[in-house]
Amino acid sequence: MGETVMGLLYAIFSIFITLFFPKQITDVICYGRHRDRENIKSKKIYCLIYVFWTLFFGLFCLMMGSASGVNNTFDRVLDYYGLNFGEYDYFEAASIYDEHDYKHEGDFTLVYYIRKNEDNLDDLIKQIVQENNSIYKRYQLSEIDVVYETNGIYYICEKGEVIAKVVVENDGLLKKVSYQWSREKLEQNLGG
């Protein structure tokens, strides 16, 4: 609830900054300090200066929102760029534990984002697991299989037993991949 309120307040603040300051700065540049003369008479140049300052303050608000943890839009744009221009195949977005699990000993979900037009989902789902040391090495997974069920639902199996459900869904310009791990099944795997 608190995060939602902070996000809303930051959005209002960002809109105010982005709409108010560019107009003020552009007016000072074009009309002078006391507006007693026009320094720049061209409407095109006025609009160009206004657009520049609007973009500047808009980008500033996105970066500050990301830095303060209130808004992740700037991070999403950078990650979208990284995914679609070959820097990486996926990125981790969140770790979500059962809300009643204070010590994180119950089931948990790991959320990743991948390209929207990604083919070979089976291989990428398996690659993400194998590159996640806190899952693959910690729980001594060796031979995992990815089994497709239907409508974006996959299962990860170890020694024929389902240890995680994977839900793939569209999320804006990206695909969201949620791994819903069963800690009980992972712990059983450690026991042999």
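**Aromatic pairs**

Modeller: F52 is partly exposed, at 48% relative accessible area, where buried means under 20%, exposed over 50% and partly exposed in between, with a 1.4 Å probe and protein chains only. Its partner W53 also counts as partly exposed, at 21% relative accessibility, and the two rings form an edge-to-face pair with 5.1 Å from centre to centre and 75° between the planes. This is a predicted model, in which local features need pLDDT of at least 70 and side-chain atom pairs count only at pLDDT 80 or more, while totals for chains, interfaces and linings use all residues. Residues are numbered from 1 along each chain as its sequence is written, and side-chain values use heavy atoms, with hydrogens and water left out.

Rings of Phe, Tyr and Trp (its six-membered ring) pair if their centres lie within 6.5 Å, and planes under 30 degrees apart count as stacked, over 60 as edge-to-face and the rest as tilted. The structure holds 13 aromatic pairs; one of them, between Y10 and F13, is tilted, at 5.9 Å centre to centre and 45° between the planes. Y10 and F13 are three residues apart in helix α1 (residues 2–31), so about one helical turn separates them, a helix being a DSSP run of H or I with at least four residues, numbered from the N terminus. Y10 is buried at 13% relative accessibility, whereas F13 is partly exposed at 42%. Ring pairs also link F16, F20, F21, F52, W53, F56 and F57 into a cluster.

Key:
Helices (H or I, at least four residues) and strands (E, at least two) are DSSP runs, numbered from the N terminus.
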